[in-house]
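The paragraphs that follow lead through a structure by way of its charged side chains and the packing of its helices. Please keep the sequence and the model in view while reading.

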Amino acid sequence: MGLGLMEILLIFGVVAAIVVVSLVALAGRRRGERSLPPPSPRSAADVEQEVLHYLRQGKTIHAIKIVRERTRLGLKEAKDLVEEVAAGRRRLTDHPAFAGMRPSLPGRATGDLAGRVRNLVAEGHREQAVYLVRGETGMAQEEAELFVDSLSRS
């Protein structure tokens with residue numbers, strides 16, 4: 001019932017592969033790589049409103065989490081930024097991390113998705129309406145276009 005040479009080599013190979021994968025994953029964490037979700041396609045103004053909402057409720061940790069998720073800032077930098085915003089020394093949207101976010105569409109930050117889509121289509125911004133639907137629902141391009149078209153017909 002002893003193990004043959006092939007079985008020993010196979011076990012050794014599996015153990016070695018597990019060790020290598022573990023070391024690679026550990027090295028990635030040490031370099032500061034994070035496995036955060038991709039930033040939301042929401043506007044910087046939308047993120048700022050969400051952060052201010054949490055700050056008004058005294059939920060600073062939630063506000064920091066939102067900033068980290070949307071900007072990929074490190075913990076210390078996000079914490080410092082949120083503290084400056086809470087103290088009124090800085091606007092969140094003035095930070096360079098928000099420079100790449102899409103601009104806010106004025107007058108459309110509130111209301112339900114269907115209403116905002118109808119407004120965009122009525123103003124001749126069908127592609128922006130599709131982008132909005134995709135960003136908020138995760139729909140594919142074709143599904144979002146069907147959704148927008150169905151709302152514009154009703």
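A residue is called exposed when its relative accessible area is over 50%, buried when it is under 20%, and partly exposed in between. The model shown here is predicted, and with these cut-offs in mind one may begin with Lys-76, which is exposed because its relative accessible area is 60%. Lys-76 forms a salt bridge with Asp-80, in which the closest N and O atoms are 2.8 Å apart. Both Lys-76 and Asp-80 belong to helix 4, where they stand 4 residues apart, or about one turn of the helix. Asp-80, at 28% relative accessibility, counts as partly exposed.

Side chains of opposite charge can pair when their charged atoms come close. In this structure there are 9 salt bridges, and another of them brings together the side chains of Glu-48 and Arg-91, with an N to O distance of 2.5 Å. Glu-48 is part of helix 2 (residues 44-56), whereas Arg-91 sits in the loop between helix 4 (75-86) and helix 5, so this pair ties together parts that are 43 residues apart in sequence.

The remaining topic is the packing of helices. Two packed helices are described by the angle between their axes and the distance between the axes. For helix 5 (residues 113-122) and helix 7 (residues 141-153), the angle is about 80° and the axes lie 9 Å apart. Because angles of 65 to 115 degrees count as roughly perpendicular, helix 5 is described as roughly perpendicular to helix 7. On the side of helix 5, the contact is made by Leu-113, Ala-114, Val-117, Arg-118 and Val-121, and helix 7 contributes Phe-147, Val-148, Leu-151 and Ser-152.

Terms used. Residues numbered from 1 in each chain as written. Predicted model: local features only at pLDDT ≥ 70, side-chain atom pairs only at ≥ 80, totals over all residues. Heavy atoms only, no water. Axes fitted to C-alpha atoms, helices over the stretch in contact; angles between N-to-C directions. Helix = DSSP H or I, 4+ residues; strand = E, 2+ residues; numbered from the N terminus. Parallel < 35°, antiparallel > 145°, perpendicular 65-115°, else oblique. Contact = heavy atoms within 4.5 Å. Salt bridge = Lys/Arg side-chain N within 4 Å of Asp/Glu carboxyl O. Buried < 20%, exposed > 50% of the residue type's maximum accessible area, 1.4 Å probe, protein only.
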